[in-house]
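Please work through each task before reading its solution.

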Amino acid sequence: MNRFVLATALALGAMATAAPAAEISTHVLDLARGIGGRDVPVVLLKKADDGRWIEAARARTDENGRVRSFGTTNFDRGTYKLQFDMTRYPSPGATPFFPEIDLVFTVADKVGHYHVPVVVSPFGYSTYRGN
């Protein structure tokens, strides 16, 4: 291969972009305390064709209660589950009524942004698709 062909091939490879993929983020908002739920472990799972849940990513909420990114961008269409471990929220000795919160949702738009927050209180929670 001559230098021109090799240089062209390398340049084209550098310009290649990744295939579009959905973005997923979340937020824990503590309604009773009026603040974001910090340091909550969150696991993102994807439902496989055989019905099993496969872990796609994991994170912890930041000081504002947010997971802005799960560190990967390969979220394709499908059914996903956000699993919030509330066992140590809001403090290590907590005994929450809902020790685990699972939110199941569908990614239908491969290039969409899916912000799926959970609003928590001691004896209830709610969710919605945010932006």
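**Exercise 1.** Which residues do ring pairs link into a cluster?

*Solution.* The model is predicted: local features need pLDDT of at least 70, side-chain atom pairs count only at pLDDT 80 or more, and totals for chains, interfaces and linings use all residues. Residues are numbered from 1 along each chain as its sequence is written, and side-chain values use heavy atoms, with hydrogens and water left out. Rings of Phe, Tyr and Trp (its six-membered ring) pair if their centres lie within 6.5 Å; planes under 30 degrees apart count as stacked, over 60 as edge-to-face and the rest as tilted. The cluster joined by ring pairs consists of F97, F98, F123 and Y125. Within it, F97 and F98 pair edge-to-face, with 4.9 Å from centre to centre and 85° between the planes.

**Exercise 2.** Describe the surroundings of S25.

*Solution.* First, S25 is buried because its relative accessibility is 4%. Next, contact means heavy atoms within 4.5 Å. Leaving aside residues up to four places away in sequence, S25 touches V67, R68, F70, H113, Y114, H115 and V116. Finally, the side chains of S25 and H115 make a polar contact at 2.7 Å (a pair of N or O atoms within 3.5 Å; within protein, one must be able to donate a hydrogen and the other to accept it, and residues adjacent in sequence count only if both atoms are side-chain atoms).

How values were computed: Buried < 20%, exposed > 50% of the residue type's maximum accessible area, 1.4 Å probe, protein only.
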